[in-house]
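Welcome, and thanks for taking a look at this one. Here is a short briefing to read alongside the structure.

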Amino acid sequence: MTTVPPAPVVMDNAAAYAVNASKVYGAGDTAVHALRDVNVGFERGRFTAIMGPSGSGKSTLMHCMAGLDRLTGGETYIGDTAVSTLNDKQLTELRREKVGFIFQAFNLIPTLNARENITLPMDLGGRDYDNAWVDEVISTVGLADRVTHRPNELSGGQQQRVAVARALASRPAIVFGDEPTGNLDSRTSADILSFMRQAVDDLGQTIVMVTHDAVSASYAHRALFLADGRMVQELADPTPDKVYDTILNLES
Amino acid sequence: MLKLIVRGIVANLGRLILTLIAVVLGVSAVSGSFILADSLRSVFNQISEDALAGIDAQVRPIPSDIASAFGGGGLPTFDESIVDELEALPEVDRAAGQVSAIERVYTVDAEGEIVRPAGPPVFANSWSGDSEVSAFTLVDGTPPSGQQIAIDQGQAQKGGFSIGEMVDVSLANGTIEQFELSGLIDFGEGGTGGAYFILMDLPTIQRATETTGLINSIDLAAAGDLSGDDLVDTVSPLLPDGLEAVPQDVLIEENQESFGQVIDIFGNILLGFAFVILFVSIFIIYNTFAILVGQRTRQLGLLRSIGASANQIRFMVLIEAVLIGLLASLIGLLGGIGVASLLKWVFSQGGNQFPEGPLEIQPRTIAVVFAVGLFVTVASALIPAFRAAKVAPLEAVRDGGRKERSASFRVVTGSIVLVPGLILFGLALAGSFESTRNTFVGLGVGGALIFIGVSMLSALFAGVVASGLGLPVQSIKGITGRLARDNASRNPQRTSATATALMIGLALITGVAILTASVIRNFDEILEDAIGSDLVLYQPPQGQPFSPALIEPLKALDEVETVSGYAAFRGAIDDDVFDLRAWDSDTGASVINMGLTDGTLESLGTDGIAVFDETATERGLSLGDSVTFEFEDGAFEDFEIRALYDNSQVVDGVSWLFDRAVASEHVATDTVLWIGVSLVGGDDPESAAFADAQAKVEAIVKDQPQIEVQNNSEFRQAQIDQLNQIQILIIGLLAMCIVVAFFGIVNTMVLSILERTREIGLLRAVGTTRSQLRTAIRWEAVIVSLFGSLLGVIMGIGLGWATVTAIPDSFLSFVAIPWGQIAIYLVIGALIGVVAALFPGARAARLNVLDAIAHE
Ligand SMILES: Nc1ncnc2c1ncn2[C@@H]1O[C@H](COP(=O)(O)OP(=O)(O)OP(=O)(O)O)[C@@H](O)[C@H]1O
Ligand SMILES: [Mg+2]
């Protein structure tokens with residue numbers, strides 16, 4: 001177990017990384033420092049869990065890294081691309097092609113069926129895509145018999161699987177998930193997490209996921225801990241016990 | 001509770017503004033109609049008083065039904081010798097014979113064209129000296145005397161005339177003379193209402209209008225303090241038969257009444273359109289409330305679950321509606337001023353000037369506007385309010401309480417409204433309601449029910465149709481098209497409600513287009529086989545009567561085979577007054593073809609008559625029978641029926657046809673409506689001989705530039721152009737419905753997008769560009785508006801077809817459907833979607849991705 005905060009990273013094989021990332025909401029007395037000089041890198045082909053107490057800046061970090069929000073200081077990179085240099089159009093393309101994002105809930109467009117939701121980013125880009133790959137993703141998440149169903153005909157767990165499948169289907173450089181299993185029971189959650197892990201191990205996908213759950217975190221290769229907007233701890237090959245210990249440690 | 005309502009309104013301010021716009025549009029149209037009509041009425045009342053201010057009493061022909069339509073108002077009718085007699089009376093300070101003739105004399109501009117307004121007529125009046133007795137005020141220059149004229153400023157401006165200049169004036173006898181322009185006049189204080197006036201002194205105007213020795217009326221000023229009534233008592237015994245004396249107050253009252261009647265008709269027509277617009281906006285208001293309440297069902301359900309009663313929920317929504325209704329009525333009242341000014345401007349573009357005067361808001365207008373505004377808003381809020389209150393608390397909290405009505409429920413309720421509507425409309429068309437008024441009420445109520453019923457039923461197929469319309473969009477635009485298509489069809493009820501306003505607007509417009517196209521086609525067809533003459537001489541725009549003096553010189557031309565003048569006058573059978581027509585019967589048959597069924601037309605003479613066969617049958621008359629007519633000069637004469645005809649449309653639907661000599665004998669001033677000329681060998685209007693002959697005819701009419709010489713097809717085209725103008729005016733007024741419909745689409749789009757905020761955030765998060773988002777929203781609006789337009793056009797074709805079919809074949813025998821025009825309406829319908837999507841689309845594209853995703 002290392003207790004040293006990660007040093008500034010410029011990794012050769014990072015799918016995405018942040019350098020001195022800062023985010024301040026508001027100004028003056030009421031300013032909220034959601035992120036304070038965060039330096040972090042996410043290696044290609046690795047599954048990272050991000051943990052930390054509520055309000056510690058996890059969602060903010062995800063959003064800024066995925067180009068959904070802008071930092072007030074520092075820089076985030078997807079591959080070699082500095083996200084802050086992109087205009088709205090380029091950001092949109094980045095989201096469409098380089099990044100997959102899974103929200104906690106309401107991930108799907110209600111008028112489109114499961115398969116259409118999955119191919120949506122590629123359709124939006126007008127890209128030709130690999131149908132075989134899409135089918136493979138769909139069957140891997142166990143949705144083969146549900147592809148023509150609309151979101152309101154799917155259970156919450158099935159909806160999240162569709163969301164995961166969509167994030168993976170376009171083979172993005174990196175997938176971010178903000179508590180993707182936060183609304184699900186542990187069985188369903190375990191299914192989805194092992195699928196995510198499989199995507200990383202078998203397909204070389206890079207995934208970063210925020211979670212509050214120690215068991216969920218144990219599916220990752222590595223767990224990072226945020227507190228008060230700072231990266232405070234890193235844990236390799238987390239197990240539920242190690243994660244509990246770390247949380248207790250940090251709280252004391 | 002009140003706090004909650006106020007909070008609710010404040011929180012939903014943006015959305016409520018949308019409802020407000022819909023109510024304001026409808027209410028403004030109503031208040032604008034009232035304001036305009038009231039203002040016109042009071043200005044014209046003032047003008048009547050001003051114009052008659054100096055006249056204590058007037059001598060005039062006793063108004064008779066026979067003379068009122070022609071001659072009486074338009075041309076001088078009685079001998080002027082009485083004027084001197086009256087002037088000599090000690091009780092009379094001044095007696096001035098007056099001439100007022102319509103469309104007899106014109107000024108001619110430098111290009112040789114007559115100067116005339118687009119709509120209103122040109123008057124030739126006598127200048128009766130000092131302006132206290134006169135209806136006219138001299139604004140510049142000196143009064144006309146001898147070879148001088150005074151004209152109104154509008155005419156001077158249009159003709160480019162200035163005081164002191166010599167002006168060409170076309171006289172009734174067909175010559176052009178030069179007159180010096182001595183002064184500029186105004187009618188009363190308020191302008192001429194767009195009409196032109198040419199004033200000369202009495203003898204000159206009599207010469208100019210070919211009415212020497214005749215006058216329309218005598219204006220009297222009493223000597224000393226003698227009252228108008230006393231003056232009347234003094235003068236009356238001295239008057240010959242057929243004349244009467246009337247005091248000032250009666251004159252003013254009559255005047256105001258006759259203006260009032262015209263204004264009432266005008267105001268009622270405007271009001272009719274206003275209520276159509278209001279009707280359309282009700283759908284928008286209802287739809288907006290339905291969406292708003294739907295969106296708040298979750299919140300309302302929460303209130304229910306913490307103890308609010310269903311009544312309290314209803315009360316909340318209704319109070320909100322009342323507040324909006326009040327506010328909208330207030331804004332609509334003021335908006336009415338804008339609408340009234342706009343209408344004034346629009347009509348003035350068409351050549352009709354309204355007199356200057358302040359716009360008037362009467363208490364009645366305020367009362368009606370508030371009543372209508374409140375009623376419309378509250379009624380629209382009622383159904384959504386009750387629906388909201390019915391939703392079980394938990395259901396509302398869980399899934400927003402959106403419960404779709406079952407299809408069978410819709411079919412039943414829709415049919416309950418539609419079927420009586422169809423029956424009522426059908427009965428009205430079939431003429432079962434006797435009076436015109438009831439027929440209109442039947443058409444209006446029936447039509448409204450049909451629209452409501454179709455709107456209710458259209459929710460059944462709106463989804464499928466929108467989805468079908470979206471198919472090509474999807475295949476062209478790909479995923480954005482797909483999203484547009486899905487969104488347009490996901491809530492059929494909303495799509496159909498949104499499309500309803502456009503449907504009604506386009507149905508009415510299409511119906512009117514079909515009606516006018518059919519009228520034009522039928523009319524053209526009738527003219528085509530009815531007019532046998534090669535050339536037609538008449539006076540545009542309305543075919544005002546003119547002097548028949550041209551007939552003789554035309555007959556003298558070698559190129560001319562026959563000439564026939566065609567005149568209108570009136571007569572009575574047993575006190576029932578009829579429009580009559582007269583022509584030169586020896587040559588008339590070669591000029592118009594009215595479908596002779598029995599007898600001969602050539603032998604009418606001065607004691608014969610031709611009768612429309614249906615009229616003859618109705619009255620049990622046959623060839624050889626005799627009919628007695630009374631004419632406007634008081635004469636009674638018998639006529640033998642010598643011919644029957646079956647094509648009355650040719651003669652303006654009139655049943656009685658005389659030789660022109662009869663008309664000439666019994667009217668005060670002989671006129672014709674048009675003259676038909678057949679040329680020798682005039683079959684081919686393209687030939688050089690024809691052109692040559694036409695040139696010779698034109699040379700004869702050269703000094704009467706007000707008279708057009710047109711060949712057959714030109715004449716027909718000119719008539720059609722006029723009908724087209726009426727169509728443009730009606731469609732222009734109905735276009736207001738389209739404006740309301742436009743706001744309806746904007747409303748729905750804005751609200752739907754608000755509802756879908758999170759979805760939009762998500763779309764953006766997974767890589768939808770702003771322009772893709774705008775595209776999807778644009779096409780969604782286009783699909784909805786196209787759905788409405790299609791439905792409207794289909795209904796319009798149905799309504800137009802039914803109406804034309806219901807009109808008796810003797811007026812309209814077949815339906816013409818202007819497909820090209822209808823296609824243009826569809827395109828416009830689609831474009832409305834494009835424009836309506838601009839604002840909602842821009843709003844959606846501006847949304848911040850994360851805020852949108854976090855949106856409740
Ligand atoms: N739009 C915003 N405006 C102001 N402050 C914000 C905004 N969004 C987040 N914050 C603040 O920034 C800090 C970090 O928020 P963030 O959502 O990143 O926390 P989190 O770690 O994701 O928490 P949770 O585990 O509860 O999701 C919090 O103090 C939050 O109040
Ligand atoms: Mg969070």
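The points below go through chain A, its local details, and then chain B.

Please keep in mind that this is a predicted model. Chain A is built from eight helices and 10 strands, while chain B is divided into four parts, domain 1 to domain 4.

**Overall form of chain A**
- Chain A has a radius of gyration of 18 Å, which agrees with the value near 18 Å for a compact globule of 252 residues.

**Salt bridges**
- Over all chains, the count of salt bridges comes to 30.
- In chain A, Arg115(A) and Asp135(A) form a salt bridge, with 2.7 Å between the closest N and O atoms.
- Arg115(A) belongs to helix 3 (residues 114-124) and Asp135(A) to helix 4 (residues 131-140) of chain A, so this pair ties together parts that are 20 residues apart in sequence.

**Backbone points to check in chain A**
- Asp37(A) has a positive phi, near 45 degrees, although the residue is not a glycine; Asp37(A) sits in strand 2 (residues 32-43) of chain A.
- Arg171(A), also a residue other than glycine, has a positive phi near 45 degrees. Arg171(A) is in the loop that runs between helix 5 (156-169) and strand 7 (174-178) of chain A.

**Domains of chain B**
- Domain 1 of chain B takes in 1-57 + 268-403, and domain 2 covers 63-241.
- Domain 3 is made of 461-531 + 713-856, and domain 4 spans 540-706.
- The centres of domain 3 and domain 4 of chain B, taken over C-alpha atoms, are 49 Å apart.

**A negative patch on chain B**
- On the surface, a patch of negative charge brings together Asp229(B), Asp230(B), Asp233(B), Asp249(B), Glu253(B) and Glu257(B).
- At least two residues of the negative patch come from helix 7 (228-235) of chain B, and at least two from helix 8 (248-295).
- Glu257(B), one of the patch residues, has its place in helix 8 of chain B.

Key:
Residues are numbered from 1 along each chain as its sequence is written. Chains are lettered from A and ligands numbered from 1 in the order in which they are written. This is a predicted model: local features need pLDDT of at least 70, side-chain atom pairs count only at pLDDT 80 or more; totals for chains, interfaces and linings use all residues. Side-chain values use heavy atoms; hydrogens and water are left out. Domain bounds come from an automatic or database domain assignment. Patches are made of residues with over 30% relative accessible area and no salt bridge: like charges are joined within 9 Å, nonpolar side chains (Val, Leu, Ile, Met, Phe, Trp, Tyr) within 5 Å. Accessible areas come from the Shrake-Rupley method with a 1.4 Å probe; for residues, only the protein chains shown count as cover. A salt bridge is a side-chain nitrogen of Lys or Arg within 4 Å of a carboxyl oxygen of Asp or Glu. Lys and Arg count as positive and Asp and Glu as negative; His and the chain ends are not counted. The place of a charge is taken as NZ of Lys, CZ of Arg, CG of Asp or CD of Glu. Helices (H or I, at least four residues) and strands (E, at least two) are DSSP runs, numbered from the N terminus. The radius of gyration is taken over C-alpha atoms; the globule rule is 2.2 Å times the number of residues to the power 0.38.
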